[in-house]
Amino acid sequence: MFIPVAQSAFKTLRHAQPRVRLYFINKNGYSSQVEYKPIRSVLVANRGEIAIRVFRACTELGIKSVAVYSEQDKMHMHRQKADESYMVGKGLPPVEAYLNIPEIIRVCKENDVDAVHPGYGFLSERSDFAQAVIDAGLRFIGPSPKVVQNMGDKVAARVAAIEAGVPIVPGTDGPVTTKEEALDFCKKHGLPVIFKAAYGGGGRGMRVVRKMEEVEESFQRASSEAKAAFGNGAMFIEKFIERPRHIEVQLLGDKAGNVVHLYERDCSVQRRHQKVVEIAPAPRLPTEIRDKMTEAAVRLARHVGYENAGTVEFLADESGNFYFIEVNARLQVEHTVTEEITGIDLVQSQIRIAEGMTLPELGYTQDKIQPRGYAIQCRVTTEDPANDFQPNTGRLEVFRSGEGMGIRLDSASAYAGAIISPYYDSLLVKVISHASDLQSSASKMNRALREFRIRGVKTNIPFLLNVLENQKFLHGVLDTYFIDEHPQLFKFRPTQNRAQKLLNYLGEVLVNGPQTPLATGLKPAEVNPHVPTVPLDLSPEALEREERGEAKVTEPPQGLRDIIVRQGPEAFAKEVRGRKNLMLMDTTFRDAHQSLLATRVRSHDLLKISPYVAHKFNNLYSLENWGGATFDVALRFLHECPWERLEEMRKRIPNIPFQMLLRGANAVGYTSYPDNVVYKFCELAVQTGMDIFRVFDSLNYLPNLILGMEAAGKAGGVVEAAISYTGDVSDPKRTKYDLKYYTNLADELVKAGTHVLCIKDMAGLLKPEAARLLITAIRDKHPDVPIHIHTHDTSGAGVASMLACAQAGADVVDVAVDSMSGMTSQPSMGAVVASLQGTPLDTNLDLRDVSEYSAFWEQTRTLYAPFECTTTMRSGNADVYLNEIPGGQYTNLQFQAFSLGLGDFFEDVKKAYREANLLLGDIIKVTPSSKVVGDLAQFMVQNNLTADQVLEKAEELSFPKSVVEYLQGSIGIPHGGFPEPLRSRVLKDMPRIEGRPGEELEPLDFSKLKEDLKESHANISDRDVMSAALYPQVTNDYLHFREKFGPVDKLDTRIFLTGPKVGEEFEVSLEKGKTLSLKAMAMAADLKPNGDREVFFEMNGQLRTVHILDKEAVKEIHVHPKANKSVKSEVGAPMPGTVIDIRVDVGDKVEKGQPLVVLSAMKMEMVVQAPQAGVVKKLEISNGMKLEGDDLIMIIE
C-alpha cells in the first residue's frame, strides 16, 4: 500500500520538479502508470464565494491563485483574495464576461497558469470549455471533456444510467427546443411534467407544469431563463414524481479508475427547484436504501470513466424506490456539508487528482470514509421571502456574521459597503453547521443566523429560521413539497432594523434638512433638560411589601385611577364630588403645548418626566395627555404613533387617571365618521390606557355630543360631557348664549348620563363674575354631579376665573405647570396651588414639587424654539374678548398666517376672525368649527374682503372647503341655525345634510381597510387600522415613513428636528437595556452618479455609512422616477433587473393581474402584473433598460 507523502513534501516537490512519474499498486492488485505533474498555479473561471473557496485551497497547498473578473465585479472581493487577478469581457454584459472562453484561455497563457478550476455555474458544465483548456496545454480540474459532455447531455446521461443498471424516470429522448415538441410530449405522456435546462442546472430554467394550458408559456419562460444562464435554451422533459426526496451522492474518482462515494446529502428543502437547505447525511434514510443508492452512483461513475469530483442526483419516493435524475459533473454548492461530515477537503482533492494522485494515495478508500454527525448548509441569499423571494439589490449598509463552535462560513462580498448587483446569483453567504445529531446542528445554525445583522438589503434569513424551527425539519421528515405545504414558514417576525433606519433618518436630515416643517427660523436649544429624580421608598415596611409581592419600591403611590379600575366610573365620580378640596387636572401633556408650541411636544420628552409626575402628583384629578390635535400631529409631523404614546405613558403613570379630548361624533378628527368608527375608537382607547373622555361638540350639537358619550360609556370610560362656552353670561346684552342656554344644555347632558359635567372655555372668555354666575346656577340644579372647568389664560384673568369657579362649587379646574402656563395655555398650577394653601380648598400639592416639575419644562420648552408662540405673541391679550379665538387655535393661526405670507397682517386676521364668526352666525368656536372661522378669516385677509363684500359676492367666490362643508351641515347644526342668505348663496344647489351627519354614513368595514393597508404595508396592527379610519392619507404617509426611518421618537428632540452636528456624540435608547452610541462623522462633498450623498457615522465604535439622495442636487441630473407606493396607479419594478419584454403600450386597456412587463435579474425572470384594471396612461421604460427596485414602469389609470 502506498503511504501518502506529507503535504509539505508535496509543496517542495511541486516547486522543484515540474514533471515526475510515479508508479502505484492499486487495491485491485494490478499495476498502472499514472503521471504525476504538480500544479503551480490555478485560475478559477468563476466569481464569488466558490472562487474564494478554491483560492483558499490553493493557498493551503502552496499554489498560486489567479482570478478573472468582469467589469461589473471590479470591486468584488474574489479578485482581492487571489494572488493575481485579471479583467475579462470588457464591454460585455456581466454574465457573458465569464462565458468568454477565448479571453479566459488568453489570460491563462499570458500569466503562466497551469490549471483551470471552473467552480460551479457559468462554464463548469460546458465540455467545449474543458476541451479548450486541455487544447491550450492546461489542466482542467474536473472530469474529462467527454464525460462533461455526456453527463451534461441529459439524454446521454440517461442512456448511461440505463446501461449501468441505474433506475431512471420516463422522459424525452433528446433536448427539446420548441414549444410544439413540448406540447406533443405532454399530450402523449400526460401531466405533470417537469421542464429542465438541457445544458445546466441549479434550478435555472426549471418549471413544473400541471395544466395543459400552461405548457407553452412555461416552456417559453424556462427556455428563455436557460438560454440566459447557460447560453442554450434547449429543454429536457420528464415525468414529474410526486412527493419525492431529492438525494444526491457525492463521488470522487481518480485517473486510475478508482471511485469512492462520500455518502449522500438531502436537498429536499427546495423552492422553485432551487436548493435552500442541505443536510448530510440524509436523515431517516434506511441503511439498505442508502447502500443501494451509493452503490448505483459508484457503478454509474465507473461505467462512464468518471474522474475528479461529481454528484449523482436521485429522486427517492415514499416506497423506497429511487430514480436517477442527472450527474453534476462539477463541484456542487452544497459540497461543504459533505466535507464537514467526512473531514475530506473536496477542493484540495480535486486539485490533487488533477495533478495525478490516486485515491489510495490520498487515503480515500471506501472503508476509511465514514460520516461523523450531521451537517446543515443554509444559503443566505439577498432575496425577500415576504415578497415572493424577489432578488433584492443595493448596498450592504451593515454586515455582521454569526460565528462560533460548529459554524463555517463560505462567502464572498459579504461586508459593510459591498454592492449587491442584479447581474449575478443572489447568494450572499453559505452558513454550515456541524454537530453530533440533526437537532444539535440545527440549533447551532439557528443561533448563528440570529447573530447575523445584515442591513441595506433584504435576506431570506427569517425564512431559514422558520425552516430550522419546524418540527418536521428537526425530525428529518422531508420531501420536495416541504416548503409548499408549510405556509407558516412564510409568517415572519419582522426584523426591526432600528439602528440603520435611524441612521438613514439622521442622514436625511443632514442632507435635505428637517423632516418636520419648522414654523420659524429659531433653532432648538442645545440643552439636556434635567429630569428630577424619582423617590424610592426603601423603608422596612416598603421592602416587606415588595417581598410579599404587593408593590415594588419603584411603584408610585396610589391615585384616583385605582377607584376607576376597581369600582368603575360611577364610584369615581362620587369620590370626586365627595372631596372638599379643589382638585386639579394638569394639561401640560396636551393642551398646554398645543397652545404654546403648536402641539409639537414629542413622546420622548413626555415620557422622561412621566415617572416624576406619577410619584409627586398622584392626587391629581387627571392628567390631560391625549386626543384632540395631538393625535394627527403625532402622525403628521412628529412621525410617531399616538397609540404607542398612550401605551408608554400608561406604563410610567399607572396611578393617575388619563383624560382625552373626544370631539363627539368627530372622534379626534375634523369631520364626521360612521358611528362604528367612534365606538371602535373609544374601545381601543380604553384598552390602551385611557380613563376619562371629555366629550364635546364644536357646535354644542346634542346628537353629536350624545353619540360620543354613548361610545365612551360603552367602552367603559368615565364620561365627562363638556359644554363649549362662548359669549358672556355676565353681559345681559349678549342673549344668544345666555345662562339659560347653558343650564338647559347641562340638564340634557346629565339626563343623558354623564358622570362628570365640564365647562369647556376654549377661548378664555369666562370672566370671574361670569364664572360665579354659571357655576352657581349649574351647581344649584345638579348638586351631586362633579363640575370640571377648562379655560385658557389668553387675557391673563385665568387664575382669577378658576378661583371664582372653585368658590362657586366647581370640583376640578384645569391648570398647566408654571413654565407651560399663561397666554393661550391654561392658568398657572403654582399660582392656583399657592392661592389656596391653608384654605378649605387647598389642593394638597407641594409647591416645591410644582417648582421642580416646572424647571424641567422650562428647559424642555427651549428645545421647541421653532414652534414657540412667544415668537409672535409676547404676552396675554384681552382682545380675546373681542375676537374670541380659542387658545389652542391662536398660535396655530399665527403660524398659518406666516406660512401664507400674512405674518405682518396678523392683527387684520384677528379682526377678520371676529367678522368671519359673525358672518357664520356667531357660532361656538372649537375644533373643527374654529377651523372653519379661521379659514374664512384668512381667506378674507388674503383676498382683501370685508364681511359685506363676502356676503355680496358669495355666489361667485371660491370659499375654503371647510366653510362649504360647514354650511352643508357636515359637522352638525349650529345653535340658532345656519346664517342666511349666506348659506343659500354659497351652496346654491349643492346637497345639504339634515340632522346628525354620521347617521347617513355606512358603517366602516374595518376588515377590508386592514386588508387594503396590508397591500402596501407590513405588520399592520388594529391601531394602525383605527388611525387610517380617521386619517387615511396621513396614516399612510406615516406608515411609509416608519418603514423607512424607524422609531424616530427615540431620538433627542434637537437631533430629531435639526440633526446632529458633525463630530457630535450622542446616545439613543431603543428600549430598556439597549442603547446606541452614535457620532456624526462627516458628509461627502461629492455626489454619487445617481444623486446620492454619502454620510458617515460611528455607531457603537464602528463606522457606518448611509447614502442619501440629495433632493436639491438631483434636480440637475437625470434620475429615473420612482413609483409612489401609496399610489396604486403607479406600477414600480418589484426588483432590479433588465426589461426583456413589454407586453402593453400607452392607451391599452388592461385587467387586474394582466402581464405587463417581463424583467430579468440574477438569472431569474419576473412577470410584472397589473395591480388594477385601467388604461395605460404613461410608459416609462423601453426594452433593454436596466431598472432599480421601485423604478416607475408605467402609470395605469
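The UniProt annotation "active site", which comes from an unreviewed entry, covers Arg-330. In this predicted model, Arg-330 sits in the loop between strand E15 (322-328) and helix H12 (335-342), and with a relative accessible area of 8% Arg-330 is buried, because values under 20% are classed in that way.

The protein as a whole has 43 helices and 44 strands, and its C-alpha trace spans about 125 × 80 × 60 Å along the principal axes. Of its 1197 residues, 59% count as buried.

**Salt bridges**

| Pair | N to O distance |
|---|---|
| Glu-295 and Arg-299 | 3.7 Å |
| Lys-767 and Asp-728 | 3.1 Å |
| Arg-1054 and Glu-1064 | 2.3 Å |

Glu-295 and Arg-299 both belong to helix H11 (residues 287-304), where a spacing of 4 residues separates them by about one helical turn. Glu-295 is exposed, with a relative accessible area of 51%, whereas Arg-299, at 32%, is partly exposed.

The side chains of Lys-767 and Asp-728 also meet in a salt bridge; Lys-767 lies in the loop between strand E30 (756-760) and helix H29 (768-781), and Asp-728 in the loop between strand E29 (718-724) and helix H28 (739-751), so this pair ties together parts that are 39 residues apart in sequence. Lys-767 counts as partly exposed at 30% relative accessibility, while Asp-728 is buried, with a relative accessible area of 6%.

**Surface patches**

On the surface, Glu-915, Asp-948, Glu-952, Glu-955 and Glu-956 gather in a patch of negative charge. One of these residues, Glu-915, is found in helix H35 (residues 906-919) and is partly exposed, its relative accessible area being 35%.

A nonpolar surface patch of about 290 Å² is made by Leu-536, Leu-538 and Leu-543. Among them, Leu-543 is found in helix H19 (residues 540-547), and at 40% relative accessibility Leu-543 counts as partly exposed.

Methods
Residues numbered from 1 in each chain as written. Predicted model: local features only at pLDDT ≥ 70, side-chain atom pairs only at ≥ 80, totals over all residues. Heavy atoms only, no water. Patch = residues over 30% accessible without salt bridge, like charges linked within 9 Å, V, L, I, M, F, W, Y side chains within 5 Å. Areas by Shrake-Rupley, 256 points an atom, 1.4 Å probe, with all protein chains shown as cover. Salt bridge = Lys/Arg side-chain N within 4 Å of Asp/Glu carboxyl O. Lys, Arg positive; Asp, Glu negative; His and termini not counted. Charge placed at Lys NZ, Arg CZ, Asp CG, Glu CD. Helix = DSSP H or I, 4+ residues; strand = E, 2+ residues; numbered from the N terminus. Buried < 20%, exposed > 50% of the residue type's maximum accessible area, 1.4 Å probe, protein only. UniProt positions renumbered as here; feature names shortened; annotations may be inferred.
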